[in-house]
Amino acid sequence: MSGAVEGDSPAVEAILVDRALTVVRAPEIPDPVALANAIAGAGIRAVELTFTTPGVLGYIREISKGARAVIGAGTVLSRDQAESAIDAGAQFLVTPGLSEQVAEVAAQREIPVVMGAFTPSEVMRAMELGAAAVKIFPARALGPGYLKDLRGPFPDVRLIPSGGVNAGNAADFLAHGAVAVTAGTDVVPPAAVAAGEWAEIASRAATFVRALN
């Protein structure tokens, strides 16, 4: 189950093939389409914008209509947020923790959800709720070795570490059992996003992609 299989959504397939997704947290995004294209063009097609960004639904809508990226919504905490994100064009949802409400919406709308978990019990619950993959957050807390430990009882669960993953340790997380990793401020520093430094972000994304190998 760790690799892409028939029946996976385009969003899940992109994450698994690229072995990465990018999560953007920024106070503002002056040109969301340019941002998404810069990241996707460098080899990370799945871009997650979080509900901690003011006006996020408008940004998701713009990217869904005009960018070459696969757009998702992150930090989804409620049924209303899940519904509004999908209505805006989100192709996948990401939660920081377990949410039956978000899982129900995702199932009803046939949109994959990457559900946040940390402990083995939480990983089990995420799978019971129908998660397409489980985001291990915060990954920095226990490091790549923890992914290997989780693979013991959960050999078929798709694990995606998030939080503290960078170009220096991403390959190590993959080597220890992650099917993909989350690129955060290492690729998209909030200040660079707010300043519209798309070439810099594209360069950072390309460096991150090279580090996966």
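Let's start with α4 and α5. This is a predicted model, and in it helix α5 covers residues 100-109. The axes of α4 and α5 cross at roughly 30° and come within 8 Å. Angles under 35 degrees count as roughly parallel, so α4 and α5 are roughly parallel to each other. Their crossing is right-handed.

Who makes that contact? On the α4 side, Arg 79, Ala 82, Glu 83, Ile 86 and Asp 87. On the α5 side, Gln 101, Val 102, Glu 104, Val 105, Gln 108 and Arg 109. By class, the contact of α4 with α5 has five charged residues, four nonpolar and two polar.

Now α4 has another partner, α3. Helix α3 runs over residues 56-66, and helix α4 over residues 79-88. Their axes sit 8 Å apart, at an angle of about 30°. So α3 and α4 are roughly parallel to each other too. From α3, the contact uses Leu 57, Ile 60, Arg 61 and Ser 64. From α4, it uses Ser 84, Ala 85 and Ala 88.

Next, the core. The largest nonpolar core has 66 residues. Which of them touch the most other members? Val 24, Ile 29, Leu 35, Leu 49, Leu 93, Val 181 and Phe 208 do. Helix α2, residues 32-41, gives the largest share of this core, with six residues.

Take Val 24 by itself. Leave aside neighbours within four places in sequence. Val 24 is then in contact with Ile 29, Leu 35, Ile 39, Val 47 and Glu 48, among others. Further along the chain, Val 24 also contacts residues including Val 188 and Val 193.

Back to α2. Eight of its 10 residues are buried, so α2 is largely enclosed by the rest of the structure. The buried ones are Pro 32, Val 33, Leu 35, Ala 36, Asn 37, Ala 38, Ile 39 and Ala 40. What do they pack against? Strands β1 (20-24) and β2 (46-50), plus helices α3, α9 (190-194) and α10 (198-211). Just after α2 comes Gly 43, with a positive phi of about 115°.

Arg 19 is not a glycine, yet its phi is positive, about 65°. Arg 19 is in the loop between α1 (10-18) and β1. Its relative accessibility is 28%, so Arg 19 counts as partly exposed. Thr 75 is also a residue other than glycine with a positive phi, near 55°. Thr 75 lies in the loop between β3 (70-74) and α4. Is Thr 75 buried or exposed? Thr 75 has a relative accessible area of 14%, so it is buried.

Two prolines to finish. Phe 137 and Pro 138 are joined by a cis peptide bond, omega about -5°. Pro 138 lies in the loop between β6 (133-136) and α7 (144-151). Then Pro 54, in the loop between β2 and α3. Pro 54 counts as exposed, at 52% relative accessibility. Not counting residues up to four places away in sequence, Pro 54 touches Ala 26, Pro 27 and Tyr 59. As for Val 70, it is 16 residues from Pro 54 in sequence. In space, C-alpha to C-alpha, Pro 54 and Val 70 are 20 Å apart.

Conventions
Residues numbered from 1 in each chain as written. Predicted model: local features only at pLDDT ≥ 70, side-chain atom pairs only at ≥ 80, totals over all residues. Heavy atoms only, no water. Axes fitted to C-alpha atoms, helices over the stretch in contact; angles between N-to-C directions. Helix = DSSP H or I, 4+ residues; strand = E, 2+ residues; numbered from the N terminus. Parallel < 35°, antiparallel > 145°, perpendicular 65-115°, else oblique. Contact = heavy atoms within 4.5 Å. Core = buried A, V, L, I, M, F, W, Y, C linked by side-chain atoms within 4.5 Å. Buried < 20%, exposed > 50% of the residue type's maximum accessible area, 1.4 Å probe, protein only. Left-handed = near helix turned anticlockwise from the far one by under 90°. Nonpolar A, V, L, I, M, F, W, Y, C, P; charged D, E, K, R; others polar.
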